[in-house]
Amino acid sequence: MNIAKPNSYRSGPDERGHFGIFGGRFVAETLMPLILDLEKAYTAAKADPAFQAEMNGYLKNYVGRPSPLYFAERLTEHLGGAKIYLKREELNHTGSHKVNNVLGQIMLARRMGKKRIIAETGAGQHGVATATLCARFGLECVVYMGAVDVERQQPNVIRMEMLGAKVFPVQSGTRTLKDAMNEALRDWVTNVHNTFYCIGTVAGPHPYPTLVRDFQSIIGNETKAQMQEVEGRLPDSLVACIGGGSNAMGLFHPFLDDSSVEIFGVEAAGHGLTQLHAASIAGGRPGVLHGNRTYLLMDADGQIQDAHSISAGLDYPGIGPEHSWLHEVGRVNYLSATDDEALAAFQLLSKLEGIIPALEPAHAIAKVMELAPKRPKDHLMVVNLSGRGDKDVPQVGDILRGKSK
Amino acid sequence: MTTRIDTRFAELKKQGRSAFVTYVMAGDPDLTTSLNIVKALPKAGADVIELGIPFTDPMADGPSIQAAGLRALKIGTTLKKTLELVRDFRKDDDVTPLVLMGYYNPIYIYGVDKFLADAKTSGVDGLIIVDLPPEEDDELCIPALKAGLNFIRLATPTTDDKRLPAVLANTSGFVYYVSIAGITGAAAADANAVGEAVARIKRHTKLPICVGFGIRTPEAARAIAEKADGSVVGTALVDALKNSLDAEGRATAKTVNAVAELTAALAQGVKGARQAAE
């Protein structure tokens, strides 16, 4: 595609929330005034040192940051190429990177005087993080989750309920993450006067893709400093899985202008790209859904198609708008991993490193298994281990037992 | 440019009565029945027809209209077939204003310029696109106005006086006041609150103001008709249609009449209203 290269890959979006043609504010009028308020509140918070200081306090003592950058020695030996480091986001409180963003949004909601928080969730990681911080700050919490996901991510449903959140299984449409987001938007339109919508990924109407990215950029900023400390230089490549793409954007964004760093995003190829999958960039095209223009899976009439991934967190027919732009300008390479590849990576990491990854980052590990052997031993590769696999143990156990029979 | 919408509201103003606006989903429950329903609406007393464009992810609609959209998609309704339905309707009716209502993605994928040209030749008069606020006017609103179509904007209880001028700036045809913060078919509109809101919007525009979301009965339609230039009923008609279907969701001999009879009753409600003072 013929798109001019920008001077910086980090300057977006423009004042209307566009990354190239992507992004924007495609929402019902009822929500527009609130979205404009949110933008103002976020701009003010960013400029307020007290906001940052309070966030840093919670990030250190409640979330447990910084998360380690860990040299995966046995995985490196096994693959026989690049030196692989894992950014251990799965060690955060609540077990994934989601908490970084939720903390920021809950602090914003408090500044805006909102007492009721709603969220959508796929794998339940964002729902758990939201329920956790609502418990911590005494806020009402309602989580929308597709009925299919409620079924396959039971441990997280139980956690959310223990934390005092109300979980609504969404029965409309495909009963997964996309429908949970529709239902959350319907709740928001209805309760706009007292409700803050805590979006879990770098998607939705402006300013959400930007503020979620900013809250997640702590991943990349820490990685940069930690790599400097242990290796004295920048990494050579970054790899992260992508559903909406918040863990990936958080790792990638601080490195976008470091041209020596190769960047790989890994979408979920489900049963394979010619069958049911969730790889919006590989198998979709630009369209408008959930408040933004971005790559979407859809039919010839613009109707949104069902996504499929073994991982509930990647099972979404879209992707954050900034990823769509980074794809079109060619700064990030978007790859995809199938369900079977992710399952193999899940097992490999568990056995070699004693770390059970969530099925989402198992997709990233799957591509590391392809990329690392082709690179020299002094190549430094960072993988975002965005979540831990406890929630997937029952599902993977069932699949593996079924397969071994 | 004068559209059928402008002409119709001018006539109604002369007659001193409020408009009755009906919403049905294109292709629900099948294309032939849907055409027959649309044809029956003006005869039953509808002054303006809103025709829904089915979409998989209607984020501002309640369960009834979501289900109507899925019924329409299941039998293969597309935006192209929706426009053909309008063209077929226009063979017998060249006066009743027809507005397409829906979400942006099917139009974006069809291609904005091609869509506007095809909509105009099919006999569409205006568009209501839920997920295109004034901030995105370059996408479709401005091109639609240039193509000679009305772009009807939604104003809501959250649209305050400061924001109203921006919302009204490129609006034409009429203003659609969403009477509740919420989704279609959810709550009942309060006629007094609606009256205040209509008066507030009237201070900013000379356009007719129609009120929708939460109007289900002839009594409610009459109460709103006394406060506004028009009342919109959608979910109640879609529910009447659904209740006439067989167990497999197919049309029966009762389907067209079920919608026409409720339309007639609602139209009577609107026509019984004392017109609000200008």
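## The annotated lysine

In an unreviewed entry, UniProt lists A:K98 for "modified residue: N6-(pyridoxal phosphate)lysine"; such annotations may be inferred rather than shown by experiment, their positions are given in the numbering used here, and feature names are shortened. The model is predicted: local features need pLDDT of at least 70, side-chain atom pairs count only at pLDDT 80 or more, and totals for chains, interfaces and linings use all residues. Residues are numbered from 1 along each chain as its sequence is written, while chains are lettered from A and ligands numbered from 1 in the order in which they are written.

A:K98 lies in helix α4 of chain A; helices (H or I, at least four residues) and strands (E, at least two) are DSSP runs numbered from the N terminus. A:K98 is buried because 30 other C-beta atoms lie within 10 Å. A residue counts as buried if 20 or more other C-beta atoms lie within 10 Å of its own, as exposed if 12 or fewer do, and as partly exposed in between, with C-beta atoms placed from the backbone. Apart from its neighbours within four places in sequence, A:K98 is in contact with A:Q125, A:H126, A:A129 and A:G200; contact requires C-beta atoms, placed from the backbone, within 7 Å.

## Two domains of chain A

Chain A is assigned domain 1 (18-58 + 98-212) and domain 2 (66-95 + 218-404), with bounds from an automatic or database domain assignment. Taken over C-alpha atoms, the centres of domain 1 and domain 2 of chain A are separated by 22 Å.

Between these domains of chain A, 38 residues of domain 1 are in contact with 39 residues of domain 2. On the side of domain 1 that touches domain 2, β2(A) supplies the largest share, 5 residues. This side of domain 1 has 17 nonpolar, 16 polar and 5 charged residues. Here Ala, Val, Leu, Ile, Met, Phe, Trp, Tyr, Cys and Pro are nonpolar, Asp, Glu, Lys and Arg are charged, and the others, Gly among them, are polar.

## An enclosed strand

Strand β13 (residues 333-338) of chain A is largely enclosed by the rest of the structure, because 5 of its 6 residues are buried. Strand β10 (residues 262-270) of chain A pairs with β13(A) in the parallel sense over 6 bridges, where pairing requires at least two DSSP bridges. A:N333 in β13(A) is the bridge partner of A:F264.

## Contact between the chains

The contact between chains takes 34 residues from chain B and 29 residues from chain A. On the side of chain B that touches chain A, α5(B) gives the largest share, 6 residues.

Key:
Two residues are in contact if their C-beta atoms, placed from the backbone, lie within 7 Å.
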